[in-house]
Structure formats: structure tokens, C-alpha cells
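Here are my notes on the model, point by point. Please read them with the structure open.

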Amino acid sequence: MPDLFKIDVAGHAVSHARSEMVARGKVIATDEPPERGGTDLYATPLETMLSSFLGCTNVIANFVAGSMKMDVRDMQFDVCGHFDTRGVFGKAEIGTPFPVIELRVVLDTDANDEQIAKLAKTVGEKCPVSVLLRRAGCEIQENWVRK
């Protein structure tokens, strides 16, 4: 894999609340719930961003676990982003719209607590979405546990 490569995504507004994008020929759509003028057909852009965090965590965790010779048979995860709307609505200047993001990862593995802690630390340092969120000022509260 090259050291630097481009990731292209193109899109258009279907309505004021719904967008459709295309990446590598794959359609990605976002929408808003009815109370925000959307049709609720798709996840919101912010839900999609948090989903990207989970997807990236999965890919990087499996890559890192492999390099650590750690057997991960299954991984379940969830994320909760604490969204500070004051910046969007002009109520206050805020440093980040997500001051806290809670990440919970449950691993089916025979790895010990020390190995799981090393996996979590390494994933936090290598996952591009995690790195972006942390550098944007998000406090990521992580809980990695064995199933």
C-alpha cells in the first residue's frame, strides 16, 4: 500500500436534510429525522460519523490483534457521542461538538487484561478516525473487555 493515497467521495443534496454520496461506486446516504425536516430513511451524518469510528475500530483492532498474535474470535462494540449543540445553534463558542465519546468493545478472546489494554492503546493511536476525533478535542472514554 502506498504511503499516501486519495479517498474520493462525491455527492449531492437530495433535499435540505438528505444527501447521497458515492465512494468507489458505493452509495452512501444520510438523512435527518422528521422533527428536523427529514424523511428518516437513513442515519444522520453524525450517526454515520460515529459508525465510521466503530468500523475503523474494527478494522484496525483486527489488524493490530493479528500483529500481536492475539486470537480475536468476535468483537461487539457500541459508541455514544455526547453532542454539544450550542456551537451549531450559536449559543456558545465550543472547542468540539463531541466533548465526550464513550466507546465499549467486547472481545471474544483468550487474551489477558494486559494484552487487551495494549490492543486498545495501539488501536487508539493507529485508527485514523480515533486520531482525528482525539485531535479535535474529543475525550474518548474507552472500555475494552473480554466476553
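1. In which loop does V14 lie? V14 sits in the loop between strand 1 and strand 2. The model is predicted, so local features need pLDDT of at least 70. V14 is partly exposed, at a relative accessible area of 39%. Leaving aside neighbours within four places in sequence, V14 contacts S19 and E20.

2. Overall layout. The protein chain has 3 helices and 6 strands. From the N terminus, the order is β-β-β-α-β-β-α-α-β. The C-alpha trace spans about 50 × 40 × 30 Å along its principal axes. Of the 147 residues, 32% are buried. Take the contacts between residues at least 6 apart in sequence: 53% of them join residues at least 24 apart. The chain exposes about 9700 Å², and carbon and sulfur atoms supply 54% of that area.

3. The core. In soluble globular proteins, nonpolar side chains tend to be buried together. Here the largest nonpolar core holds 27 residues. I101, L107, L119, V123 and W144 have the most contacts inside this core. Two or more residues each come from helix 1 (45–67), strand 4 (72–82), strand 5 (100–109), helix 2 (113–126), helix 3 (128–135) and strand 6 (139–146). Helix 1 gives the largest share, 8 residues.

4. W144. Which residues does W144 touch, not counting those up to four places away in sequence? The list is T57, A61, L103, V105, L107, I116, L119, A120 and V123. Of these, L107, L119 and V123 are also named, with W144 itself, among the residues with the most contacts inside the core.

5. Helix 1. Its length checks out: at 1.5 Å a residue, the 23 residues should span 33 Å, and the end C-alpha atoms are 33 Å apart. The buried residues of helix 1 are L50, F53, L54, C56, T57, I60, A61, V64 and A65. An α-helix has 3.6 residues a turn, so residues three or four places apart point the same way. The buried residues of helix 1 pack against strand 4, strand 5, helix 2, helix 3 and strand 6. T57 and A61 are both touched by W144. After the helix comes K69, with a positive phi near 60 degrees.

6. Other positive phi values. Most residues other than glycine have a negative phi, and most peptide bonds are trans. R24 has a positive phi, near 55 degrees. R24 is found in the loop between strand 2 (19–23) and strand 3 (26–30). At a relative accessible area of 73%, R24 is exposed, because the cut-off is over 50%. D40 also has a positive phi, near 60 degrees. D40 lies in the loop between strand 3 and helix 1. D40 counts as partly exposed, at 48% relative accessibility.

7. Surface patch. Which residues form a nonpolar patch on the surface? The patch consists of M1, F5, I7 and V9, with about 530 Å² of accessible area together. I7 lies in the segment before strand 1 (10–13). I7 is exposed, with a relative accessible area of 68%.

Definitions and conventions
Residues are numbered from 1 along each chain as its sequence is written. This is a predicted model: local features need pLDDT of at least 70, side-chain atom pairs count only at pLDDT 80 or more; totals for chains, interfaces and linings use all residues. Side-chain values use heavy atoms; hydrogens and water are left out. A nonpolar core is a set of buried Ala, Val, Leu, Ile, Met, Phe, Trp, Tyr and Cys residues joined through side-chain atoms within 4.5 Å. Buried means under 20% relative accessible area, exposed over 50%, partly exposed in between (1.4 Å probe, protein chains only). Helices (H or I, at least four residues) and strands (E, at least two) are DSSP runs, numbered from the N terminus. Contact means heavy atoms within 4.5 Å. Patches are made of residues with over 30% relative accessible area and no salt bridge: like charges are joined within 9 Å, nonpolar side chains (Val, Leu, Ile, Met, Phe, Trp, Tyr) within 5 Å. Accessible areas come from the Shrake-Rupley method with a 1.4 Å probe; for residues, only the protein chains shown count as cover. A salt bridge is a side-chain nitrogen of Lys or Arg within 4 Å of a carboxyl oxygen of Asp or Glu. The expected span of a helix is 1.5 Å times one less than its number of residues.
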